Structure formats: C-alpha cells, structure tokens
Amino acid sequence: MFRWLFLNESALTPAEHTAWKLSALRIILMSGFVLEAAVAIHSSLDAIAVGAYQVLWVVGFFYAVLAVGLYYSSRHLRAGAAILIGTVYASAFSIVSFISDFDIAKFGYIFIYTTPIIARLFFGTRLAMGLMVFNFLPFLLLLMNRPIFSVPGFDVTLPASNTYIQSLLFLFFNTCVPLAVFRVLHELDVSAKRYRQASDALTVSHAQYEEVFQNAGSALLLTDASGQILQANQLANNLLGRNVDKDEELALFAWLSLDNSVRLKSPNSDESENMRMSAYRTRDGKLVALENISQTSTEHYIVALRDVSGLHSMHHALQLSLEREDYLSRHDALTNLPNRDMLRSHLHDILADNDDSKVTALVSFRLNSIRHANQQFGAHTGDILLRRFAEELSRALPKNCFCARLRSIVFSFVVEHSRTPGEIIKLVEKVRNNLPKELEINGENLLVQFSAGIALVRPDDKLPDDLIRRSEVALDTARRSSDQSVTLFDEEDAQQIRRSVEIEVGIVNGLKQNEFRLVYQPKVARDGNIAGMEALLRWESPTLGNVPPAEFIPIAERAGLIRLISNFVMDQVCSQIRDWLNRFGDCPVIALNLSVTDIARSDLLQLIDDCCQRHDVASSYLEFEITETGLIANETLTIHHLDELKARGFSIAIDDFGTGYSSLSKLSHFPAQSVKIDRSFVAQIGHNKKSEMIIKAIISLADILSCHTVAEGVENKEQEIFLKEIGCDFFQGYYYYRPLEVSALELLLAELPAKENLPPYQFKLA
C-alpha cells in the first residue's frame with residue numbers, strides 16, 4: 001500500500017547496494033571521527049583542568065569504538081553498522097546518565113532518534129521499525145522530564161557541557177547524518193536516471209522489436225503453450241489467410257489442416273521435430289511448414305512459418321527424377337530393357353537359391369545384321385533396328401521371362417525351372433522361329449540375323465559373371481559357325497577363347513620383353529644359288545610356350561596389334577641388313593610380309609622410309625610380300641602404296657597366289673615383280689593333276705604379267721623336277737633349307753662356295 005514511500009531496492013544490483021551502504025557508513029563514521037575531534041580535545045583539556053579524569057575515559061572509549069567501527073566497515077558491513085547504532089545509543093545513555101544537570105543531559109535523547117534511519121539504511125525495514133517502537137521509551141521519559149538512571153560518584157559534567165552537547169548535536173544532525181542521506185539521495189538520483197535511460201531504451205527496443213517482428217522477412221507467430229496466437233506479423237497473417245480485424249480465431253491449427261499434412265522427411269522421435277518435418281494445408285490450399293519453433297523465457301513459443309508449396313512441387317519432381325535416374329541406372333536407355341548390372345543382380349538371386357532338381361540357363365542372342373544396317377543406312381537406323389529387335393524378342397519370350405541388354409548388340413534372357421537341357425533348346429528354337437526374319441524400318445526391309453548361345457547353371461555356380469562369360473563363349477562359337485545355330489557352352493571353346501586372350505596380352509608383353517625373334521629361310525634359284533631369303537617371325541613365350549605365327553598373327557590382326565609386330569619386324573630386318581653390310585660389305589635381298597592391315601596403313605610409307613633412313617639401308621635390299629586377299633581388301637590405297645614402294649626401288653611379291661579371289665583384271669594393275677605359288681598346290685604335285693594344272697596356269701599368268709615365280713613348300717626331288725620343267729624360277733622349302741637362326745645362316749653362307757657341286761655365289765659373308 002505504501003510502496004511509493006519506500007526505496008525500490010530492485011532498481012539497483014546487489015553490488016551497487018553494497019557500495020552505497022558502505023559509502024554511507026564510512027561517511028557517518030569518518031565525519032564523526034574527524035568533525036567531533038575538536039569537541040573531544042577541548043572537553044578533555046577542560047576535564048584535566050578541573051580534575052574530572054573520568055571524562056577522558058569516556059571520550060577515549062567512544063573514539064576506540066568509532067575506530068573499531070571503521071575497521072569493520074571494510075570487512076563486514078553489518079558489523080560496522082551495528083557498532084555505529086550501538087555507539088549512538090551508548091552516547092545518548094551516557095549523556096543522560098553521567099551528566100548531573102538534567103536540563104543538559106536530556107539533549108542526549110535526541111541522538112537516539114537517528115537510529116531508525118541508520119537501521120533502515122543498513123539492515124532493513126524490520127529493525128528500523130523495531131527501533132522506532134523502542135525509542136518511544138526514552139521519548140516518554142523525556143516527556144516525564146525524568147532521567148533513566150544515574151551512576152553515583154560518576155559525574156562527567158563540565159562547565160562547558162552544554163556547549164559540548166549542543167556542538168555534538170549540531171555536527172551529528174547537521175553534517176554526519178545529512179552527508180549519509182546525501183549519498184543515498186545521490187544513489188537514488190543515479191538509479192532514477194538509469195531507470196529513465198533503461199525505460200527509454202526499452203521503448204526504443206520495443207519499437208525495434210516491432211519493426212523486426214513485422215519486417216523480419218519471415219512469417220512469425222508468438223503463441224502460448226496451447227498454440228493460441230498471441231501475436232503475428234503481416235507475413236504470417238497473409239500466409240495463413242488471416243484477417244486480424246475480422247477473424248477472431250486464435251488457435252494456430254484452426255488455420256492449418258492436420259488432415260492434409262504432407263511429410264517432408266522421415267520423422268524422428270521428437271514430436272516438435274515431427275511437426276517441423278511436416279507441411280500443412282491452409283484454408284486457401286497453400287502448403288505451410290513450421291520451419292522453426294523457439295521457446296521464450298515466459299513459456300511462450302516463437303513459430304517461424306514457411307510457404308513450401310513450390311518446394312514441395314520441386315521435391316516431388318526431384319523424387320520422380322531420382323526414381324527415373326534409378327530406373328536409368330538399371331535399364332538400357334535405348335531399349336528400356338534391364339542392363340547388365342540388373343541382369344547380374346537377378347542372376348545373383350537365382351544362384352543364391354538354385355534348385356538342383358530344375359535346369360536354369362542364360363541364353364544370349366547376338367544381332368549379327370546390325371553392321372549391315374549401320375553401314376548402309378547409318379547409325380540411327382541401326383539404333384531403330386536394335387530397339388525393334390528388343391521389342392520383338394520381348395514379345396517372343398514367355399511371360400515373366402527376365403530379358404536384358406547385355407551389351408551393344410547382345411541380348412540375354414533367363415530360362416528357369418526347365419526339366420532338361422533339351423527343353424531349354426526347344427524353347428530357344430521356338431523363340432528364334434517366332435522372331436521375324438525381316439523388319440521394315442523407314443521403308444526398307446532389313447534382315448534380322450542373329451546367333452544364340454546357351455549356358456546352363458551348374459550346381460557349383462556362385463558368381464553371375466561366370467555364367468555370363470560362358471553364355472558369351474557359346475555365343476561367340478555360334479557366331480563363328482556357318483549357320484545361325486544355337487550353341488551350348490563348350491569347355492573347348494572356352495579354352496580356345498582364354499588362350500586367344502592370353503596370346504593377345506602376351507603379344508604386348510612379349511614385344512617389351514624381347515621374346516620375339518626373326519629367322520630367315522633362304523630362297524634358291526634354278527642353279528641352286530641362294531637368291532634371297534624371307535624373314536619369318538618366331539615367338540617363344542615363357543608362359544605360353546612356342547606360339548606359331550599361324551596362331552598369333554590372326555589374333556594380332558583382330559586385336560589391332562599387328563601394327564606393333566610389323567614395326568618390330570621392319571626395324572629388326574633393317575638392323576640385320578645394316579649389321580651384315582657393316583661386317584661383310586654385302587647382303588642378300590630379304591623379303592618380309594605385309595598384312596592386310598599394314599598395306600592399308602596411312603603411315604606405311606613413312607614407317608618404311610624412316611626405318612631405312614635410321615639404319616641407312618637401300619631399298620634394293622628389301623622385298624615386300626603381300627597376300628592376294630590383301631591386294632583386294634583396299635584396292636585404291638593398296639595400288640597407291642605399292643606404286644610408291646616400287647618407285648622407291650623396293651621389290652613387290654604376291655604371296656599365296658591362287659588362294660584368293662582376285663580377278664585377272666585386278667591383278668594386272670598391281671606392280672608386282674614376283675608371284676609366290678602357295679604351298680597347298682605344291683604339296684599336291686604327283687598326287688593331284690588339277691593342282692599341277694593350276695601351278696602351270698599360275699606360271700603362264702606370271703609370264704604374261706612379267707613376274708618371276710617362286711614355289712613355296714618344296715619338300716622333295718619330285719616336286720623340284722616338276723617345277724623346273726614347267727619353268728618355275730625360284731624355290732623355297734625344307735628340301736633346300738629350313739628357317740635358320742642368324743648364326744646358322746652366316747655359317748651356311750660362308751661354307752657354300754667351298755662345296756664342289758655349287759658355283760660361287762655373290763653373297764660372301766665370311
């Protein structure tokens with residue numbers, strides 16, 4: 001009720017309260033100690049003059065008490081304040097009791113009236129009120145004009161006692177207490193100023209809060225614990241479709257529909273987090289999420305709303321995109337069939353739960369006619385053919401049959417739960433028969449030719465890749481057959497393919513490790529002299545053993561490695577010619593073979609020129625042999641290269657003549673100096689009249705083309721006699737010489753002139 005009468009202690013901090021109380025206590029004690037010193041000194045001197053030495057004891061006692069109070073004021077505020085109050089009461093009662101003149105002594109009661117003020121300053125209202133009540137007793141005694149008590153024989157009355165008492169009252173009430181009160185009032189002024197500043201700052205802060213709340217850029221609500229809206233900015237009202245002036249509904253979830261909420265993420269165990277992970281429909285259809293919920297110190301909640309209508313649409317579109325991406329990662333983009341990875345996953349499940357009582361197989365189809373479609377009509381038509389073939393294959397297969405595009409032109413499907421392999425073969429034949437023989441694409445009828453390979457699941461199969469590999473081996477075997485057959489996986493075929501792969505890898509490593517070498521087979525003239533030699537490549541592999549050229553050359557051509565082999569042979573031959581020229585001054589003509597790939601190389605002439613220049617070898621020492629098939633493989637480029645080689649002085653020979661399919665008109669355009677009769681015809685001499693007639697025709701044709709003839713594979717005397725009789729110029733075969741190492745060849749050439757039955761030859765190397 002009387003709160004306005006009392007000091008509001010909450011306006012100051014505890015540290016500030018202690019500071020001004022300590023300051024006020026010290027003001028009273030120090031001012032009393034200093035200002036009243038004049039009265040104490042004068043009264044002491046007066047007491048000595050009249051012999052009242054008890055006055056000295058009283059003055060000394062009170063000064064000692066004041067000193068103790070000052071000492072405790074810096075260590076214990078309440079102890080110092082208690083000493084001060086005690087000193088005031090002791091001073092009052094000493095004056096009243098020890099001064100015999102009551103008219104003077106009664107002024108001592110006046111000191112007591114300051115104790116409630118001091119008590120309130122330092123102890124609080126209760127003690128102050130108590131002292132106010134207690135002070136009624138001395139007040140009544142004063143009214144009754146009676147002292148409290150007197151001490152017989154102890155009188156401190158001095159001639160100037162009245163002056164001393166009045167001076168003490170003046171100093172205490174006019175200086176000591178007012179100074180302390182001034183300190184309190186100053187603190188109150190500071191507190192009031194601070195309060196005004198805080199109030200002004202609070203007003204500004206509230207205005208700023210309103211500005212921030214209204215213009216935060218986010219839709220913000222202030223709600224109580226039950227979700228009642230206490231305050232909302234304009235963005236929140238607009239988002240909720242709420243009109244503050246007209247709509248009285250305060251419940252937040254009366255504006256947001258829980259029934260039509262949309263889960264944005266997977267919820268966790270926190271209920272408030274679940275709310276934030278959901279979006280709710282407003283009355284006008286917008287999706288609103290509770291983006292953030294923060295609890296205030298007053299048990300209210302600040303809720304940030306967010307319009308996620310667009311985000312939800314994007315999220316939905318992203319989800320569809322992810323599903324589409326997942327679909328594309330497991331399906332072929334062109335045919336929409338499952339891809340190799342999905343096939344592997346499907347096979348993994350089958351192998352993990354394989355029933356040995358049933359037969360399961362992986363069947364692979366290879367669309368062989370795609371190359372013709374690409375070459376004749378372009379890759380776009382080829383893609384259409386692949387897509388149409390995939391559609392026809394899917395229709396021809398039984399329902400629920402898993403079909404995938406294994407790789408570019410290979411499709412695979414799984415046949416499950418058959419009783420015998422024969423059933424699987426019948427099913428595959430049925431599928432083949434149901435597939436169309438032609439497909440009409442862009443007005444053109446394109447052939448549908450394909451091969452089929454089957455790999456049966458074995459009881460010990462664990463890895464899908466093994467089953468896929470076996471189906472591709474069977475498919476490769478079927479593709480190499482003359483008809484469009486269905487081929488089961490065969491271990492011999494697999495072994496052959498594995499060896500082909502090993503040879504392909506071994507060629508690269510063998511060239512690096514110098515596993516290849518050249519041997520030389522001499523070519524003799526009709527008189528027995530050595531007219532030249534052919535360089536033949538040999539490969540002794542540490543892992544594969546002795547690999548014949550008939551095995552590794554076709555593999556190298558298919559794998560695109562023949563270029564490396566040709567570069568090696570060319571460099572070795574030129575290096576050997578240079579070595580013999582440096583050591584012996586002469587060298588026979590050495591023939592080396594050019595493959596179909598070599599003759600079509602754009603850098604063939606540059607390769608030969610660079611190699612000859614590097615080893616300083618003249619063109620007259622080299623002869624290039626090219627097969628009849630190679631001549632017609634790329635006719636225009638072949639003629640250009642051969643003409644350039646002939647112009648440079650190199651000799652040209654047609655190898656394996658009679659085994660190709662070239663016409664006489666084409667052969668007449670090739671600038672060859674020699675024709676080599678294939679060994680397959682020579683081997684039939686004496687056994688096959690047709691072969692002998694072919695040899696005669698070849699020699700006659702060579703004469704017409706102005707070419708020398710060389711018979712390959714001469715093995716006996718009978719073959720030699722026949723060939724000489726019909727006019728063959730040169731001979732090559734085991735009847736004369738086997739392919740020789742360089743060291744053996746050098747010994748042979750050195751010994752030949754010493755033989756009596758042979759004339760000296762022009763290549764003397766010793």
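Is Asp356 buried or exposed? In this predicted model, in which local features need pLDDT of at least 70, side-chain atom pairs count only at pLDDT 80 or more, and totals for chains, interfaces and linings use all residues, Asp356 is exposed, with a relative accessible area of 61% (buried means under 20%, exposed over 50% and partly exposed in between, with a 1.4 Å probe and protein chains only). Residues are numbered from 1 along each chain as its sequence is written, and side-chain values use heavy atoms, hydrogens and water being left out.

Asp356 is located in the loop that links α15 (340–352) and β7 (359–367), where helices (H or I, at least four residues) and strands (E, at least two) are DSSP runs numbered from the N terminus.

Two asparagines in loops have positive phi values. Asn336, in the loop between α14 (309–330) and α15, has a phi near 65° and is partly exposed, at a relative accessible area of 43%. Asn400, for which phi is about 65° although the residue is not a glycine, belongs to the loop between α17 (379–396) and β8 (403–407) and is exposed, with a relative accessible area of 84%.

Strand β8 itself is largely enclosed by the rest of the structure, because four of its five residues are buried. Four bridges join β8 to the antiparallel strand β9 (residues 410–418), pairing being assigned if DSSP finds at least two bridges between two strands. The two strands β8 and β9 form a hairpin with two residues between them, and Arg407 stands opposite Val410 of β9.
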